[in-house]
Amino acid sequence: MGLWVHRDRINPSFSFYYSPPKNLIEFSPSTSIMKEAGFFGDIAKLKADPRTIYSENFVLYCQDYDENKECFGDLLDCVSLICRRSANSANIIVNQNKRISEKVASTVHGSSNEGFVSVLSKCGLIVSKHIRSSSILFCVDNKNEFSVVSFYCKYLSDRYETVPNLREILIKCVSGAIPLEECTSFCGAISRRIKLAKGIVDDISGRLKELDNIYLSEITAAIHSCNAAVVVQPVLIGGEVSGDRYFYVFLPDEQLRNGDIHSIAAFSSSFVEAYRQKKKIQLLTEFQSAEAEVKEDVTKAGINGRYKNKLLGRVNDVFSVLNCHSFTIRMYNPAHNSLQLFAYASTMSADGDDRRQKEEREHIVLSSFRTSVNAFTFLVGSERGEYTYIRNLNVSIPEQYRDLGLESAYQVRPHSRSEICFPFRFGNTVIGTLNLESSAANGFDDDIEFLLSLKSSLEILYRSYFEAFDLDWYRILTKFADPLHELENYLDTDLFSDDQKYILRDLFIKQEEKFKNNNSHSIDSIIPWFKQWVREYYSEETDDLLNEVLGIVEFNLINGFNVQSSTFYAITAIIRNLIKNIEDHSNIRRDKIIIANSARYRSEQVSENYLRIRLKTYGYFEAGVLDSLCFRPILKSTSKGTSRHYGAYILGLLARSVGGFVVLDQHENGYPVIIEFSIPLSG
């Protein structure tokens with residue numbers, strides 16, 4: 001028995017069983033040899049056996065060692081030599097492939113604004129020259145139409161720079177756009193090579209099903225075409241979003257060697273890795289450096305539309321760097337208690353494989369968090385980690401998610417094998433989810449860090465649309481604040497009467513109203529504050545009205561959270577203003593405010609890490625007001641001129657200033673309107 005070993009590990013590729021009576025050496029996998037010899041893998045024990053002799057990388061064992069001592073030694077010398085040469089050959093291939101990979105990576109990262117096809121052609125030229133081969137790059141689009149992109153003939157390498165438009169002429173000739181006769185000015189060997197390339201293109205263009213299998217299998221395939229051995233290499237990046245698939249065909253001038261296959265595979269894998277890495281950097285840089293424009297139409301529809309256009313404009317690049325087929329962003333909808341579809345893109349030509357009904361595609365209700373990865377991530381996952389990752393949708397849910405309530409992951413698309421979902425945040429508040437699906441199990445193992453960076457960049461970009469207008473609003477206020485406070489210098493003069501001075505002093509910020517310290521408040525202290533404020537503010541009203549105002553608000557608080565004074569002030573200001581809005585513009589017997597931090601659809605003892613102030617109102621809103629409510633000041637025209645109404649905008653500004661957010665929507669018939677403020681809490 002002979003075993004090829006490396007230290008204490010057995011290499012199964014060169015092990016054999018020798019039978020003296022037959023005078024034959026039979027090669028077979030190591031496991032079967034060891035089983036037949038009754039050997040169970042203890043190399044150290046085998047080497048200590050007196051019937052064993054061994055060299056640096058081979059062990060020979062023979063029961064009749066004494067009788068065959070001389071030939072046994074000759075055999076050891078022979079197989080050891082074979083092993084050394086085999087190892088040297090493997091090292092040569094590894095080193096060659098390493099050099100190819102380095103050249104390819106350098107070419108990819110060295111290209112500036114060149115397109116995908118141009119960079120791929122340059123990298124294909126590297127391996128073509130290395131294996132002394134002609135090569136054809138072609139594309140099969142989503143309509144299964146075949147087109148030649150580039151053609152390299154090694155015999156013409158010295159003429160590409162001297163003959164005008166030679167590359168374009170060769171591509172047209174090989175693809176059949178112009179007759180072969182137009183290339184007959186070359187010598188016979190070159191003409192034959194071009195003719196062979198034309199025949200191979202004609203042959204392969206009729207074998208699209210075989211190409212599909214090669215592409216899906218992700219293999220380097222050696223096939224026969226036009227009585228020649230050629231290598232077909234799929235390039236799994238670049239055009240998947242539109243259904244385009246790129247292939248390289250290599251035509252070696254000599255007999256196809258095993259090392260050539262390794263070199264071609266190394267070129268493809270290194271190109272994909274380098275190209276994706278470069279694209280990732282470019283993508284993150286673009287999103288991080290993007291700036292939101294301040295425009296007059298600062299409305300929910302306006303902001304979402306501009307953001308969606310910028311996002312979907314680069315979604316092709318997202319697909320080109322990730323092993324995924326769908327990209328989805330959903331936003332929380334308070335009226336439906338759901339995650340509403342915000343932006344969606346797919347590499348598939350149609351979404352016919354989606355198993356859900358139309359309404360289920362538009363809205364994923366939060367109550368489905370036990371079977372929906374999106375709803376689970378929004379309600380539960382955001383509290384426990386940065387993302388929810390189901391590496392294999394065909395097996396049971398990992399224990400870490402099952403313990404938190406995710407019982408199963410509904411497989412929306414039958415070809416999806418893995419799914420990853422991130423909480424989408426505005427500041428410190430989760431306002432939606434970012435979800436990706438892949439047709440491969442463990443499809444995102446190598447891209448977690450990139451996805452976290454991409455998510456963060458997308459969140460920052462979305463927030464910048466609001467911050468751009470808020471900052472502009474601060475600038476506007478300074479124009480009025482400075483002149484107003486300059487008047488304080490005249491309060492000790494005779495410029496104003498006593499009544500005027502009394503009014504002016506009320507306009508200035510009083511020192512005692514500023515935050516004297518940064519003390520924190522427990523979350524349940526909101527309840528006694530609210531009761532005290534109602535009794536003081538409505539002290540001159542009847543007990544019936546006072547009780548009706550107190551009844552507007554329902555508290556569902558779980559203590560254990562403390563908030564800073566600035567956050568507590570924002571919470572109380574929002575509550576005060578909502579109460580006044582109901583009193584002035586709606587019906588206090590119908591409207592309701594729910595203030596809660598308890599977990600939705602779960603145990604009452606479980607809390608969320610932010611406070612929800614949810615107003616359900618039947619009050620009247622003028623057309624267009626809801627779309628800008630809390631996002632920008634509302635301007636109303638009256639018979640006496642234009643009056644400005646800033647109240648709702650200030651509430652949105654307060655929420656955003658402490659890392660919170662406002663969402664609002666209305667039911668299909670227009671009533672009621674749901675406005676929900678989310679304020680992050682610190683434990």
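**Side-chain contacts in a predicted model**

Arg600, Glu608, Arg612, Arg614 and Glu676 are linked in a network of salt bridges (a salt bridge is a side-chain nitrogen of Lys or Arg within 4 Å of a carboxyl oxygen of Asp or Glu). The model is predicted: local features need pLDDT of at least 70 and side-chain atom pairs count only at pLDDT 80 or more, while totals for chains, interfaces and linings use all residues. Residues are numbered from 1 along each chain as its sequence is written, and side-chain values use heavy atoms, with hydrogens and water left out.

**Salt bridges**

- Side chains of opposite charge can pair when their charged atoms come close.
- Across the whole structure, the search finds 19 salt bridges.
- Glutamate 608 and arginine 600 are both buried (buried means under 20% relative accessible area, exposed over 50%, partly exposed in between, with a 1.4 Å probe and protein chains only).
- Aspartate 317 and arginine 314 form a salt bridge of 2.4 Å, N to O. Aspartate 317 counts as buried because its relative accessibility is 14%, and arginine 314 is buried at 15%.
- Glutamate 210 and arginine 207 form a salt bridge of 2.9 Å, N to O. Glutamate 210 counts as partly exposed at 31% relative accessibility, and arginine 207 is partly exposed at 21%.

**Lysine 455**

- Lysine 455 is placed in helix α14, residues 448-486 (helices, H or I of at least four residues, and strands, E of at least two, are DSSP runs numbered from the N terminus).
- With a relative accessible area of 4%, lysine 455 is buried.
- The side chains of lysine 455 and glutamate 459 are joined by a polar contact of 2.8 Å (a pair of N or O atoms within 3.5 Å; within protein, one must be able to donate a hydrogen and the other to accept it, and residues adjacent in sequence count only if both atoms are side-chain atoms).
- Beyond its neighbours within four places in sequence, lysine 455 is in contact with Glu386, Phe422, Pro423, Arg425 and Leu434 (contact means heavy atoms within 4.5 Å).

**Aromatic rings**

- The structure holds 30 aromatic pairs (rings of Phe, Tyr and Trp, the last by its six-membered ring, pair if their centres lie within 6.5 Å; planes under 30 degrees apart count as stacked, over 60 as edge-to-face and the rest as tilted).
- One of these pairs is phenylalanine 271 with tyrosine 275, stacked at 5.5 Å centre to centre with 20° between the planes. Both residues lie in helix α8 (residues 258-289), four residues apart, about one turn of the helix. Phenylalanine 271 is buried at 0% relative accessible area, and tyrosine 275 is buried at 8%.
- Tyrosine 389 and phenylalanine 444 form an edge-to-face pair, 6.2 Å centre to centre with 70° between the planes. Tyrosine 389 lies in strand β14 (residues 388-390) and phenylalanine 444 in the loop between β16 (429-438) and α14, so the pair ties together parts that are 55 residues apart in sequence.
- Ring pairs link Tyr307, Phe342, Phe424, Phe426, Tyr462, Tyr465, Phe466, Phe631 and Phe661 into a cluster.

**Charges over rings**

- Lysine 308 lies over the face of phenylalanine 342, 5.3 Å from the ring centre (NZ of Lys or CZ of Arg must be within 6 Å of the ring centre and within 35 degrees of the ring normal).
- Arginine 590 lies over the face of tyrosine 618, 3.8 Å from the ring centre.
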